[in-house]
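Take a look at the model below.

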Amino acid sequence: MPDDFLEGYNGQSTEDLLALEGQYRIDSLVLAFEQALQQKTSRSHEEQFVLAIEALEREVNNGGYSQFFTNSSNEYVGIIVQALHAIDCPKTAAITNDALAGLNLHGPVSPASAEATALSDDHNVEQALAACDDRYFSDDEPIADRLVAWIKNNAARIRVGAA
């Protein structure tokens with residue numbers, strides 16, 4: 001596995017970024033896709049999945065599920081479990097689903113309701129999210145690897161840079 005980290009997105013196309021696999025660390029490639037997709041004003045469903053998964057990875061690794069639910073990343077609450085299943089990460093999808101269930105929300109989960117509950121001082125919510133954090137960190141699913149493979153399979157709907 002390469003040690004070189006791609007230092008950000010520089011206008012490459014989807015194909016150009018995918019061609020860098022093997023030269024740069026996979027996590028740096030998905031970060032470049034995230035940066036490129038954030039620059040777009042209109043995104044496909046598949047592009048939203050990439051952003052949702054990267055938001056989950058970034059936030060949970062920085063401050064746990066509570067951070068995912070309270071930061072702007074919470075805009076992906078409604079699609080994150082579906083996105084994880086799409087890239088074949090069922091264990092992480094189950095953990096994330098349990099984190100959502102731990103918020104004790106009734107009815108559809110919206111970013112606002114997830115944020116409000118995650119910010120609450122409910123000890124049960126804190127414990128449930130902490131347990132999910134522990135499971136997430138001990139999970140062995142290679143999320144970035146599977147995400148890049150999924151991007152390859154959906155490259156026609158994940159378009160960045162000049163074609």
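Does Arg-157 count as buried, partly exposed or exposed, and at what relative accessibility? Arg-157 counts as partly exposed, at 45% relative accessibility. Keep in mind that this is a predicted model.

Start with the partner of Arg-157. Glu-46 forms a salt bridge with Arg-157, and their closest N and O atoms are 3.2 Å apart. Now look at where the two sit. Glu-46 belongs to helix H3 (residues 45-63), while Arg-157 lies in the segment after helix H9 (143-153). The pair therefore ties together parts that are 111 residues apart in sequence. The two ends also differ in accessibility. Glu-46 has a relative accessible area of 16%. That is under 20%, so Glu-46 is buried. Arg-157, at 45%, falls between the 20% and 50% cut-offs, so Arg-157 is partly exposed.

Glu-47 meets Lys-40 in a salt bridge between their side chains, at 2.6 Å from N to O.

Next comes a pair of neighbours in the numbering. Arg-58 forms a salt bridge with Glu-59, with 3.6 Å between the closest N and O atoms. Glu-59 is buried, with a relative accessible area of 7%. Arg-58 is partly exposed, with a relative accessible area of 34%. This pair does not stand alone.

How many salt bridges does a search of the whole structure find? The search finds 10. The pairs described here are among them.

Now turn to the largest pocket. It holds about 280 Å³ of space. The lining is made up of 16 residues. Closest to the centre of the pocket are Ile-26, Asp-27, Val-30, Glu-57 and Ala-144.

Which helices supply at least two residues each to this lining? They are H2 (26-38), H3 and H9. Helix H2 gives the most, with five residues. Helix H3 is also where Glu-46 lies.

What classes of residue make up the lining? Eight of the lining residues are nonpolar, seven are charged and one is polar.

Note on methods
Residues are numbered from 1 along each chain as its sequence is written. This is a predicted model: local features need pLDDT of at least 70, side-chain atom pairs count only at pLDDT 80 or more; totals for chains, interfaces and linings use all residues. Side-chain values use heavy atoms; hydrogens and water are left out. A salt bridge is a side-chain nitrogen of Lys or Arg within 4 Å of a carboxyl oxygen of Asp or Glu. Helices (H or I, at least four residues) and strands (E, at least two) are DSSP runs, numbered from the N terminus. Buried means under 20% relative accessible area, exposed over 50%, partly exposed in between (1.4 Å probe, protein chains only). On a 1 Å grid over the protein atoms alone, a cavity is a set of points where a 1.4 Å probe fits but cannot get out, and a pocket is an open set with protein on both sides within 12 Å along at least five of seven lines; lining residues have an atom within 4 Å of a point. Grid points are joined across faces, edges and corners, and a volume is the space filled by probe spheres set on the points. Ala, Val, Leu, Ile, Met, Phe, Trp, Tyr, Cys and Pro count as nonpolar, Asp, Glu, Lys and Arg as charged, and the others, Gly among them, as polar.
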